[in-house]
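This briefing goes through a single model by topic. Please look over the sequence and the structure before reading the points below.

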Amino acid sequence: MKVATIGTGFIVDWFLNAVKQNEGISCVAMYSRNVEHAKNLKEKYKVEKVYTDLDEMLNDSEIDCVYVASPNSLHFEQSLKALKAGKHVICEKPFTSTLEEFDILSNYAREHSLFLFEAIVTAHMPNYLKIKEQISRLGTIRMVQCNFSQYSSRYDKFLNGETPNVFSPAFSGGALADINIYNLHFVIGLFGKPENVHYYPNKHENGIDTSGVAILEYPTFKAVCVGCKDTRSKCISQIQGEKGYITLESETSKCSKFSVNIQNTSEDLSVEQNDDALYYETKEFVRIYNANDLETCYRKLEYSRVVMETYETLRKDGGIIFSADAIKRI
């Protein structure tokens with residue numbers, strides 16, 4: 001799989017490092033509006049081509065797949081352009097700004113037999129997969145708690161009057177989109193679609209959420225998902241059942257270390273993982289692509305749609321309005 005990247009932020013650096021560590025994939029091109037912004041990554045990973053015109057890059061016949069890691073509001077437009085150019089797409093989370101945008105991308109990919117993946121590390125982490133195996137030991141689940149709090153490197157600028165993309169309604173930013181989305185994936189990946197959801201955000205005067213609490217209601221339990229970009233905290237999650245509990249002592253994105261406590265006996269069942277969390281999702285995407293396994297790809301899209309639907313319902317419940325909400329795509 002020969003990929004091209006859109007974006008030059010730290011997430012692209014992590015992705016290119018994951019590409020470097022995996023077989024069957026290489027990066028052959030990068031897109032950036034400014035060549036200088038891509039210079040360091042180009043040299044670090046020995047990428048041959050840098051384009052400043054997206055259409056020109058999409059016309060490059062050497063490229064099989066495009067990795068989209070631009071600001072959230074651009075995911076839809078750039079992913080659709082890539083699909084229409086016959087390229088497969090790996091799109092960073094959150095997939096799109098709205099469910100309508102997601103459905104357009106998903107339908108187009110299916111109609112044209114193209115691969116379309118959501119780059120969400122949680123679902124592919126070895127320890128997350130091991131947690132799935134342990135859930136049945138807990139008996140009836142009664143409570144799930146997830147706290148992913150990370151003081152944003154851009155929050156001080158935001159407080160000083162600037163509006164970084166991550167805190168901009170125009171760029172589909174905010175704490176739910178950027179950080180609590182991992183908690184949603186963690187919970188929904190384990191337990192499926194919730195029956196009801198509510199979102200209680202701390203909102204800035206520009207309408208964006210800098211932190212918030214999402215409540216997901218299931219038949220036997222509630223899941224409380226805390227996501228903060230305006231404060232720091234120990235990142236910890238717990239799944240509580242009538243027979244025991246699981247404690248995850250890390251962000252829900254990385255799932256670094258977890259233990260299972262049954263009848264007051266605690267077992268650390270976590271395994272060592274690659275320091276680059278994107279390694280595992282990249283490995284899985286390459287496997288699916290090389291096997292031409294569209295069925296698995298589209299099954300993953302069905303799961304991503306459940307998360308997107310939940311995410312949009314939460315966002316609107318909390319009164320978080322994006323510029324994209326005013327755009328009718330169909």
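Is G24 buried, exposed or partly exposed? G24 counts as partly exposed, at 41% relative accessibility; buried means under 20% relative accessible area, exposed over 50%, and partly exposed in between, with a 1.4 Å probe and protein chains only. This is a predicted model, in which local features need pLDDT of at least 70 and side-chain atom pairs count only at pLDDT 80 or more, while totals for chains, interfaces and linings use all residues. Residues are numbered from 1 along each chain as its sequence is written, and side-chain values use heavy atoms, with hydrogens and water left out.

**G24 and its surroundings**

- G24 sits in the loop between α1 (10-21) and β2 (26-31); helices (H or I, at least four residues) and strands (E, at least two) are DSSP runs, numbered from the N terminus.
- Apart from neighbours within four places in sequence, the contacts of G24 are M1 and V286, where contact means heavy atoms within 4.5 Å.
- From C-alpha to C-alpha, G24 and G207 are 44 Å apart in space, and they are 183 residues apart in sequence.

**Nonpolar core**

- The largest nonpolar core has 112 residues, and M57, F186, V187, F191, L216 and I239 touch the most other members.
- A nonpolar core is here a set of buried Ala, Val, Leu, Ile, Met, Phe, Trp, Tyr and Cys residues joined through side-chain atoms within 4.5 Å.
- Of the elements contributing to this core, helix α8 (residues 175-191) gives the most, with twelve residues.
- With neighbours within four places in sequence set aside, L216 is in contact with residues including L184, V187, I188, P194, F221 and L314.

- Strand β9 (residues 209-217) is largely enclosed by the rest of the structure, because seven of its nine residues are buried.
- β9 pairs with strand β8 (residues 196-203) in the antiparallel sense over eight bridges; two strands pair if DSSP finds at least two bridges between them.
- Across this pairing, S211 in β9 stands opposite N202.
- The hairpin of β8 and β9 has five residues between the strands, and G207 there takes a positive phi near 95°.
- β9 also runs antiparallel to strand β10 (residues 222-228), to which seven bridges join it.
- V213 has V226 in β10 as its bridge partner.
- Four residues lie between β9 and β10, which form a hairpin.

**Helix α4**

- Seven of the ten residues of helix α4 (residues 75-84) are buried, so the helix is largely enclosed by the rest of the structure.
- Its buried residues are H75, F76, Q78, S79, L80, A82 and L83.
- The elements covering these buried residues include β1 (2-6), α3 (54-58), β4 (65-68), β5 (88-92) and α5 (99-111).
- G86, which follows α4, has a positive phi near 85°.

**Q134**

- Q134 lies in helix α6 (residues 126-134) and counts as buried at 13% relative accessibility.
- The side chains of Q134 and R137 are joined by a polar contact of 2.8 Å.
- A polar contact is a pair of N or O atoms within 3.5 Å; within protein, one must be able to donate a hydrogen and the other to accept it, and residues adjacent in sequence count only if both atoms are side-chain atoms.
- Leaving out neighbours within four places in sequence, Q134 is in contact with I246, F258, V260 and L269.

**Cysteines**

- The structure holds zero disulfides, a disulfide being a pair of cysteine sulfur atoms within 2.5 Å.
- C65 is in no disulfide, and the nearest cysteine sulfur, that of C297, is 9.8 Å away.
- C65 is buried, with a relative accessible area of 1%.
- For C228, the closest cysteine sulfur is in C235 at 9.2 Å, too far for a bond.
- C228 counts as buried at 11% relative accessibility.

**Aromatic pairs**

- A search of the whole structure finds 16 aromatic pairs.
- The pair of F10 and W14 is edge-to-face, because the ring centres are 4.9 Å apart and the planes are at 65°.
- Rings of Phe, Tyr and Trp (its six-membered ring) pair if their centres lie within 6.5 Å; planes under 30 degrees apart count as stacked, over 60 as edge-to-face and the rest as tilted.
- F10 and W14 are four residues apart in helix α1, so about one helical turn separates them.
- W14 is partly exposed, with a relative accessible area of 41%.
- One aromatic cluster is formed by F115, F117, F285 and Y289.
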